[in-house]
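Thanks for asking me to look this one over. Please have the sequence and the model open side by side, and then follow the points below.

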Amino acid sequence: MLDGNLDEDVEAELQVEAPEEVTEGETADLTCKTTCSLTDPTFIWYKDGRPLTTKTIKNNQLHLQTVSSEDAGSYSCAVRGDQHLHSTAHRLRVRYPPKRVSVSISSSGEIVEGSSVTLTCSSDGNPPVKIYTWFKGSTSVGEGKTYSIPNIRSEDSGEYTCWSRNDHGERNSTAVLIDVAYPPKNITLSINPSGEIVKRISVTLTCSSDGNPPVNIYIWFKGSTLVGEGKTYNIPNIRSEDSGEYICWSRNDHGERNSTAVQINVLYPPKSVSVSISPSGEIVEGSSVTLTCSSDGNPPVKIYTWFKEGGTSSVGSGQNYSIINITAGHTGLYYCEAQNDHGALNGTVMVSFKSRSSSAVWFAVGGGSFLLITVLICICRINRKKRRSDKHDDENADPNAQDDTYTALQPTARSSDDVYHTLATVKSRSPDDPYTAQDPQSRSPEYDTLAVRSTH
């Protein structure tokens, strides 16, 4: 124990001897010295005002084995029994390389394409870190304590690390992941099978896209018509009507986009084969006609072959077949065989005509009838005119003159060429007379005319 009157002297004589600075990993010894004569004193060590209980203390010496950054601080010592009398504090500095290197991101929420992002590197080192290098994966992308990405794109997604260095070493931060959210892009369509698409096979369209989050809504269009939904669109037993342009519309939480259109071209054999005749209408013997074959096929039909029913070989080729100076031997059923790479189909037509002799007979009969009708019309008009003339004569005749009707009843009073004589003769014919025997409906127009005249 120290006497009370020695307190000030002891306080004045206690001091810590130690290096000012030590490098992490090395060994350091701190010594508590006094100029006073003390009998077997016990020394107590303090760091930053707190007693040290875990360090190795040998007499008046504090031994720091393998110094670490945590050993840096203010050290002092005292003699047990007078703990309130500390030596002057000694600050020990520890040099060490960067440690606890970390990266923070300015945007704490979702990072959306088009926004700006800043990465900041933090580290603990003595001396302080002054060199920072940024890496995306293994590629250096920048330097400095911060790294900014203005107008961030989907291509900026990835793992970033900060490499820090001071005079005593270097260290990398733990990698941080930047996950940029963006709408669908790079949308492509694939067709299976990839070769020719032939009628009746099954075809599958698949839509691929790049988006974050991944696209979860796909809608298929043929032209402007919605035809299906989902990542794939199946067309079983494909038909020619399925040919056309197809697009895939894709969407995620950040936008939507259409794919480039793909063309589906369905190949099929000829169908709807038909044959037309030119000129249309009645075909006359000696004229010329052309038969034309029309068809629908993919690829278009290029091979046309003409046959006549009953024949053993073809009669022509090409889309058109002409018959010059048609005769009876040309009549019959003709058919056209249309063929492409995927099949063949026939179309038929009947060729018939009217001979010139038939036309002549028709003209003679028709012409004679027309002439007869014309003569009868003239006779009727003459008789009508004569009746009007006779009526006028009757009105101007002598009252004492005999009535024509009475005269007609007296055969002796008639002249031999009197028309009434003719009528009387007709009326006096026997029942065997062909005119009298005929039914009134079957009599000739001449007879009817005469009969009417006789009633006056």
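1. Let me begin with a lysine. K185 counts as buried, at 15% relative accessibility; buried here means under 20% relative accessible area, exposed means over 50%, and partly exposed lies in between (1.4 Å probe, protein chains only). The side chain of K185 meets that of E113 in a salt bridge, 3.0 Å from N to O. By salt bridge I mean a side-chain nitrogen of Lys or Arg within 4 Å of a carboxyl oxygen of Asp or Glu. K185 lies in strand β18 and E113 in the loop between β10 and β11, so this pair ties together parts that are 72 residues apart in sequence. E113 itself is partly exposed, with a relative accessible area of 27%.

2. A word on what you are looking at. This is a predicted model, in which local features need pLDDT of at least 70 and side-chain atom pairs count only at pLDDT 80 or more, while totals for chains, interfaces and linings use all residues. Residues are numbered from 1 along each chain as its sequence is written, and side-chain values use heavy atoms, with hydrogens and water left out.

3. How confident is the predictor? pLDDT, its confidence in each residue on a scale from 0 to 100, averages 81 over the protein chain, and 76% of the residues score at least 70. Please be careful with two stretches. Over residues 1-6 pLDDT stays under 50, and the model has four contacts (heavy atoms within 4.5 Å) beyond four places in sequence for them. Residues 358-369 also have pLDDT under 50, with one contact beyond four places in sequence.

4. Back to β18, the strand that holds K185. Strands here are DSSP runs (E, at least two residues), numbered from the N terminus, and two of them pair if DSSP finds at least two bridges between them. β18 (residues 180-192) pairs with β10 (residues 111-112) in the parallel sense, over two bridges; V112 has A181 as its bridge partner. With β20 (residues 203-212), β18 runs antiparallel, and seven bridges join the two. One of the bridge partners is T204 in β20, which faces N192.

5. How many salt bridges does a search of the whole structure find? The total is seven. In one of them, R93 and E21 bring their closest N and O atoms to 3.7 Å. R93 belongs to strand β9 (residues 90-105) and E21 to strand β2 (residues 21-23), so the pair links parts 72 residues apart in sequence. Both ends are partly exposed: R93 has a relative accessible area of 39%, and E21 has 32%.

6. Strand β9 contributes another pair. R100 and D124 meet through their side chains in a salt bridge of 2.1 Å, N to O. R100 lies in β9 and D124 in β11 (residues 117-126), so parts 24 residues apart in sequence are tied together. R100 counts as exposed, at 53% relative accessibility.

7. Finally, please look at the open sheet of four strands, with the order β30-β29-β32-β33 and antiparallel pairing. β30 (316-317) and β33 (343-351) stand at the edges with a single partner strand each, so one side of each has no neighbour in the sheet. β29 (residues 303-308) and β32 (residues 332-340) run antiparallel and are joined by six bridges. W306 has C336 in β32 as its bridge partner.

Conventions. pLDDT is the predictor's confidence in each residue, from 0 to 100.
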